[in-house]
Amino acid sequence: MINLHGVSKKYGRESIALHNISVSIGAGEFVSVVGQSGTGKTTLVKLLIAEERPTNGKISIGGWDITKIRQSEIPLLRRQIGVIFQDFKLLPNKTTTENVAFALEVAGERTKRIREIVPRVLDIVGLNSKSRNFPHQLSGGEQQRVAIARSLVHRPKILVADEPTGNLDAINTHEIIEILKKINSFGTTVVLVTHNREIVNHLNRRVISLSEGTIMSDEEQGKYKLT
Amino acid sequence: MLTSFWRVIKFSLLDLGRNFSLACMTILVLTLLLISVNTLLGVRLITQAGIKVIKQKIDLSIYLKPSVTNNEIKILEEKIKSIPEVKNVRLTSREQALEDFKAQYQDQPEIIAALSEVGDNPLGPAFVVKTDDPKDYEKIVLLISKPEYANLIEDKTFADTQTAIENITNITARIQEFALAISFLFGLIAVTIVYTTFRVAIYTERLEIGIKKLVGANNWFIRGPYLIEAIILSTISLGISLGAMWAATRAIDPYFAPLLGQANLLTNYLSSHILLVAGFEYVVVLFLTIFTSAMAMRQYLKA
């Protein structure tokens, strides 16, 4: 599903964010990418959604070589990869429903179809009852669930979660991880970028540990090893 | 496709609403730019019409000696007519010249009495020559200045009108230069304001733009609203400036009608050239707004 072969990313001449990364993630996997701040986790996310291009190496997603993806093809890629972030990235002046529908509107989806899809994804994240609430009327966990719902509207094959629980308390963190597991159970590949030890140890799934831009370890049922 | 189009329009209207004061400022500056261009056009039209009127009044009078024979008159007339630029040659006979003289000085009996003292008709025949362009009179003057015609020609007049035309042309050129400079200044201001408008609009909507890119919106969905905004702002500005121009022409025309000898010069021109004027100005303003907004958007549209 996701293949990185000898991928490096440099910013300028001196700053090396990733160095010669090679990794494969299969369809339906739930992979945690761990590492301390500045180890290249976010750069990896940016490379996967083609926000950045690798300096060297090759990246393919579902057999699609996105190493030198054309600007016009990026929207198509992003409809196949759902992304959520620590800061939720919701539009403050739109309700839950409108925030989720927005992703479909800008993709040119018909209004009738939007009305069918949005309640369905809100149901998956358990937010149907708060469909008319604005972001400021929701808790952090609920806002992240809206973001997850929005990322699911295109039925992506991959969901990339970049520190999704960074701003959440323990209870909300647990809820979000349960939703990600639920999404994974539908067959969606989940790439969870985190430095939360409890989450990683609780998941007991594959763990890729990054250190100084390189892969330090890659274990099928790994634990959080970084100090 | 139609759904997407309406959504882009919806987003652009929302953007305009959020940055309403800046949008108004942009419309104002674009309107001033168009009005200054229209002023330039109006000044040009009026001066051209004025010069045309003056040129029509200019002619070259060639006064022949009373002793000139009919055959000599005919030969000279043919020579003058052979100059391609000559539009019309009218001969005033000795008798007609005398009648015209008497009519011109009928209120001055002493002059008429002096004429009687002379006895015989002292006036010779005269040619009144017209060309399309006053500059061409030089060619006729050159012709009749040849020594072979020295015994035929008493005098000629035309120098003063030439100076008048040169003065008008100079004044017109200065006015047009000034109007052009004003238009250029408004153009620069318009570029700056439009650029700022779109920069501010894009800055305030950077989160929305980021989310659009994140969820897979194509460039049309990101650029489209700003394109539509540019079209809306340009259309409103053009509408206001054309309205102002129409009102101005209606107000100005009566003042120029007696001078130019034609009523509704500007109004008629605007009516008959409305598509050309509006089309040209629309293309210019659209190019200005679209180009400027594209420049402002550039950095936000990278992947």
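Tutor: Two residues are in contact if their C-beta atoms, placed from the backbone, lie within 7 Å. The model is predicted: local features need pLDDT of at least 70 and side-chain atom pairs count only at pLDDT 80 or more, while totals for chains, interfaces and linings use all residues. Residues are numbered from 1 along each chain as its sequence is written, and chains are lettered from A and ligands numbered from 1 in the order in which they are written.

Student: Which residues in α6(A) meet α5(A)?

Tutor: From α5(A), the residues that take part are Gly140(A), Gly141(A), Gln144(A), Arg145(A), Ile148(A) and Leu152(A). Their counterparts in α6(A) are Asn172(A), Glu175(A), Ile176(A), Ile179(A) and Ile183(A).

Student: Are α5(A) and α6(A) roughly parallel or roughly antiparallel to each other?

Tutor: Helix α5 (residues 140–152) of chain A packs on helix α6 (residues 170–185) of chain A with the axes 9 Å apart and at an angle of about 15 degrees. Axes are lines fitted to C-alpha atoms over the stretch in contact, and angles run from 0 to 180 degrees between N-to-C directions. Angles under 35 degrees count as roughly parallel; α5(A) and α6(A) are therefore roughly parallel.

Student: What percentage of the residues in chain A is buried?

Tutor: Chain A holds seven helices and 10 strands (DSSP runs numbered from the N terminus, helices being H or I of at least four residues and strands E of at least two). Among its contacts between residues at least 6 apart in sequence, 69% join residues at least 24 apart. A residue is buried if 20 or more other C-beta atoms lie within 10 Å of its own. Of the 227 residues in chain A, the buried share is 43%.

Student: Which helix gives the most to the side of chain A that touches chain B?

Tutor: The contact draws 19 residues from chain A and 15 residues from chain B. On the chain A side, at least two residues each come from α2 (74–78) and α3 (96–105). With three residues, the element that gives the most to this side is α2(A).

Student: Which residues form the uncovered face of strand β1 of chain B?

Tutor: Strand β1 of chain B spans residues 60–64. The covered face carries Leu60(B), Ile62(B) and Leu64(B). The uncovered face is made of Ser61(B) and Tyr63(B).

Student: Which residue in β4(B) stands opposite Leu64(B)?

Tutor: β1(B) runs antiparallel to strand β3 (residues 126–131) of chain B, joined by four bridges, and there Tyr63(B) has Ala126(B) as its bridge partner. Four bridges also join β1(B) to strand β4 (residues 153–157) of chain B, again antiparallel. In β4(B), the residue opposite Leu64(B) is Ile153(B).

Conventions
A residue is buried if 20 or more other C-beta atoms lie within 10 Å of its own, exposed if 12 or fewer, and partly exposed in between; C-beta atoms are placed from the backbone. Two strands pair if DSSP finds at least two bridges between them. Angles under 35 degrees count as roughly parallel, over 145 as roughly antiparallel, 65 to 115 as roughly perpendicular and the rest as oblique.
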